[in-house]
Amino acid sequence: MLNKNQYTIIKADVSHIARIKEINLEFNGEKYSDEHLNMFFNYNVPITLIQNQNNQIVGYLINFVYFDEMKIINFMVEPKYQGQGYGKALLLSVLKDVLVQDIRYVMLNVRINNINAINLYKSVGFEIISTRENYYENCNSYLMQLKMQEATILSIM
């Protein structure tokens with residue numbers, strides 16, 4: 001796990017969209033189109049960024065809240081920074097932010113072959129609740145859920 005002095009968490013604004021698009025382009029699977037990424041900014045969908053010690057953005061997480069549920073829409077860390085703790089630090093930061101809201105569940109979909117991501121999600125308390133056939137082009141997904149219960153909240157803090 002990274003030390004807090006090794007990264008910074010910030011909220012994205014339109015000045016960050018080019019960097020988010022660069023990271024998105026490095027993804028080997030289905031990528032978000034520029035139109036989709038622009039739409040997130042146009043509709044003020046929360047985008048949280050993580051920067052390394054050199055203030056370079058190395059990852060982002062896009063989510064939205066609907067009633068008592070938060071849905072993680074897209075979560076990416078630049079490949080050369082994966083496995084170093086940036087993803088976990090970013091995910092935990094976003095989860096800590098929702099502690100002050102009345103969020104009962106956090107939901108996400110993940111490719112069934114993305115073992116590193118699945119292990120990351122499980123490490124903070126997510127559970128697989130179903131499989132979605134052909135959710136991604138040529139790939140099934142797991143629907144994962146984190147119940148924001150007191151025990152889970154204590155482990156996040």
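Before I start, one definition: strands are DSSP runs of E with at least two residues, helices are runs of H or I with at least four, and both are numbered from the N terminus. With that settled, please keep in mind that the model you see is predicted.

I will begin on the surface. Tyr 66 belongs to strand E3, which covers residues 57–66. Is Tyr 66 buried or exposed? Tyr 66 has a relative accessible area of 54%, and exposed means over 50%, so Tyr 66 counts as exposed. Phe 67 sits in the loop between E3 and E4. Its relative accessibility is 69%, so Phe 67 is exposed as well.

Although Phe 67 is not a glycine, its phi is positive, at about 55 degrees. Asn 134 also has a positive phi without being a glycine, with a value near 50 degrees. Asn 134 lies in strand E6. With a relative accessible area of 56%, Asn 134 is exposed.

Next, the salt bridges. How many salt bridges does the structure hold? There are 4, and I will go through some of them.

Take Asp 97 and Lys 11: their closest N and O atoms are 3.1 Å apart, and the two form a salt bridge. Asp 97 is partly exposed at 35% relative accessible area. Lys 11, at 49%, is also classed as partly exposed.

Now Arg 19 and Glu 22, whose side chains meet in a salt bridge at 2.9 Å, N to O. Why are Arg 19 and Glu 22 separated by about one helical turn? Both are in helix H1, residues 17–25, and they are 3 residues apart, so about one turn lies between them. How covered are the two partners? Arg 19 has a relative accessible area of 14% and is buried, whereas Glu 22, at 42%, is partly exposed.

Another salt bridge joins Arg 104 to Asp 68, with 3.5 Å between the closest N and O atoms. This pair, too, links distant parts of the chain: Arg 104 is in the loop between H3 and E5, Asp 68 is in the loop between E3 and E4, and they are 36 residues apart. Arg 104 is partly exposed at 48% relative accessibility, and Asp 68 is partly exposed at 26%. There is also a network: Arg 19, Glu 22 and Glu 78 are joined by salt bridges that share partners.

Rolling a probe the size of a water molecule over the atoms shows where empty space is left.

The largest pocket has a volume of about 1200 Å³. It is lined by 38 residues, and the closest to its centre are Phe 27, Phe 75, Met 76, Asn 114 and Ala 117. Among the elements giving two or more residues to this lining are helix H3 (86–98), helix H4 (115–123) and strand E6 (127–136). Which element gives the most? That is E4, with 7 residues. By type, the lining of the largest pocket divides into 18 nonpolar, 14 polar and 6 charged residues.

The second largest pocket holds about 150 Å³ of space. Its lining includes Met 1, Leu 2, Tyr 7 and Lys 96. Helix H3 gives the most here, with 4 residues. The lining of the second largest pocket has 6 nonpolar residues, 1 polar and 2 charged.

Terms used
Residues are numbered from 1 along each chain as its sequence is written. This is a predicted model: local features need pLDDT of at least 70, side-chain atom pairs count only at pLDDT 80 or more; totals for chains, interfaces and linings use all residues. Side-chain values use heavy atoms; hydrogens and water are left out. Buried means under 20% relative accessible area, exposed over 50%, partly exposed in between (1.4 Å probe, protein chains only). On a 1 Å grid over the protein atoms alone, a cavity is a set of points where a 1.4 Å probe fits but cannot get out, and a pocket is an open set with protein on both sides within 12 Å along at least five of seven lines; lining residues have an atom within 4 Å of a point. Grid points are joined across faces, edges and corners, and a volume is the space filled by probe spheres set on the points. Ala, Val, Leu, Ile, Met, Phe, Trp, Tyr, Cys and Pro count as nonpolar, Asp, Glu, Lys and Arg as charged, and the others, Gly among them, as polar.
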